[in-house]
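Visitor: Please take a close look at one chain here. I would like to see how it is built, and then how it meets its partner.

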Amino acid sequence: MQEALFHIFKTMQNNLKPVISSTADLQDEVAQLLVECLNLDVTADQITPDAPLYGDGLGLDSIDVLEVALTVSKRYGLQLRSDGADNRHIFGSLRSLCDYIATHRTL
Amino acid sequence: MLPLILHQSPEDIVAWRADGAVTRQQFLFEVDQLAAQLPTGEHLLNMCRDRYRFSVGLAAAMVSGKVSLLPSAHTPEMLRQIRGLAPDVFCLTDNELCAQDLPQVQYPAMGACPASALAVPQIKAAQRIAVVFTSGSTGIPQPHPKTWGALVSSVQAEIARLGVERDCTLIGTVPPQHMYGFETTILMAWLSGCALSHAQPFYPADICCALEAVPAPRVLVSSPLHLRALIASGLVLPDIKQVVSATAPLPLKLAQDIESGFHAPLFEIYGSTETGQIAARRPAHGPAWQLFPGIKLTVDGECARAHGAHIGEPVALSDQIEPLTDEHFLLHGRMADLVNIAGKRHSLASLDHLLGSIPGVVDGAFYMPDETGHITRLAACVVAPRMTPSTLLSALREHIDPVFLPRPLLFVDALPRNSTGKLPRSALQALFQSHE
């Protein structure tokens, strides 16, 4: 139970971090990483920052999201979490994913 | 008549949710409360994300004589077809964003339970409690009804084989709406008298947190997709007593990494939507699968059929099977028509049929590249002069789970059909290789 409380506390702390907007450089880097790790049919510069990554946009599915999460966690030293309603939001667009990375990265 | 759950006393823990333990008494009270609020329709689409709420929804349906429908995907087309098969269907949801075009029941807030002990409901063995669906080779979903008696029999065999005891807690990464998660995260908890975790963790850090939130001994019920991510994350996990995997066989190296990384025995379950689970193996002890008691395999040429125990009529399996003894066999991959992507199965013939039926598609075919050890994606080539990739993908998305969407999707002038109009796999392979 103590462990669970600790986690809730950690999550609250994380959610309280002020959001840092991502730079165009980081967006380019992450777009390149998406294309490479998912073997996508598009080039990095075809991924516009605000187009949806799920569904009708880039068409990522849950397998892709898990794959991207692994790559992102290693590259930027962060762990993605799906608690809270912001999981769908994180993968809403390249920009929101990059903002999340900019806010939570340790590397 | 068979009891709904095998928890012996009203204080026994049935589940762990965010606010702590749920006793048998509280669970049965909530089942009664929900059952009283369900509409008159006999068919329920249980979309609850929370595993505990799913279990309350399932139990409430069972005690009211309703059937839970468990389709393999929730695409708009699948829901249209479900409504065609069961016009009275309604959706139980615990998610405010649930946008299904069906009558909806929102999972209610529950009160505190009364002091006097509630009796465990008894369910008729012949009662149809669930219908699961497969894609079928024509694209029309094939219903497979499951009776309570058959499910109890197969899950009891699983409990005996895995040695799951009543002090355990089951933590699942697979949804309870699919046959494996349904049997192994819900029914296995009910019928072994152990507890289930309400969580539906996705990312490695979520799995870690869901494990930490419940007391040991813990049984992790997962799939190759999640286990691979969990190992690759390098996260330090709390003690796990046992790991269970299904949906696709684990590569031996990954199986070994899981046993050594988690310091826990790993068991794999083999089964199908049609048969439920029928065999298990411990990959560390060898590649052979051992059938559950009473299940028999008959192999005739390429086709293996399972029968006996909880399976009624013999059921054809969609994998290539080599029997070793009466109760042991080896798996040699899928039949050519079946694709399995991260545990989701679909008939290749039905995908081709679907592609050809989309207005604007002149000709088209899906292609499953040779597997490379990691998750392999379907590809497709089409002749569709007046369509764009995005309009074609949107049309496909209406009908199939996103994991089956082709990547790449090639637009060509003609498919490499031979003089008899057939499309040899080797010709498709050459076509895709030339586009790499």
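**Chain B up close**

Guide: Start with the contacts inside chain B. Take those between residues at least 6 apart in sequence: 59% of them join residues at least 24 apart. Keep in mind that this is a predicted model.

Next, the make-up of the chain. Chain B has 11 helices and 27 strands. Its radius of gyration is 22 Å, close to the 22 Å that the globule rule gives for 436 residues, so chain B is as compact as a globular protein of that length. Along the principal axes, the C-alpha atoms of chain B fill a box of roughly 75 × 50 × 45 Å. As for burial, 45% of the 436 residues of chain B count as buried.

Now pick out one pair of strands. Strand β2 of chain B covers residues 13-17, and strand β3 of chain B covers residues 20-23. The two run antiparallel, joined by 4 bridges. Together β2(B) and β3(B) make a hairpin, with 2 residues between them. Within this pairing, Arg17(B) stands opposite Gly20(B), a residue of β3(B).

Last, the side that touches chain A. Here 20 residues of chain B are in contact with 17 residues of chain A. Three elements of chain B give two or more residues to this side: α6 (204-212), α7 (224-233) and α10 (389-397). By residue type, the chain B side divides into 15 nonpolar, 2 polar and 3 charged.

How values were computed: Residues numbered from 1 in each chain as written. Chains lettered and ligands numbered in written order. Predicted model: local features only at pLDDT ≥ 70, side-chain atom pairs only at ≥ 80, totals over all residues. Contact = placed C-beta atoms within 7 Å. Nonpolar A, V, L, I, M, F, W, Y, C, P; charged D, E, K, R; others polar. Pairing = 2+ DSSP bridges. Rg over C-alpha atoms; globule rule 2.2 N^0.38 Å. Buried ≥ 20, exposed ≤ 12 C-beta atoms within 10 Å, placed from the backbone.
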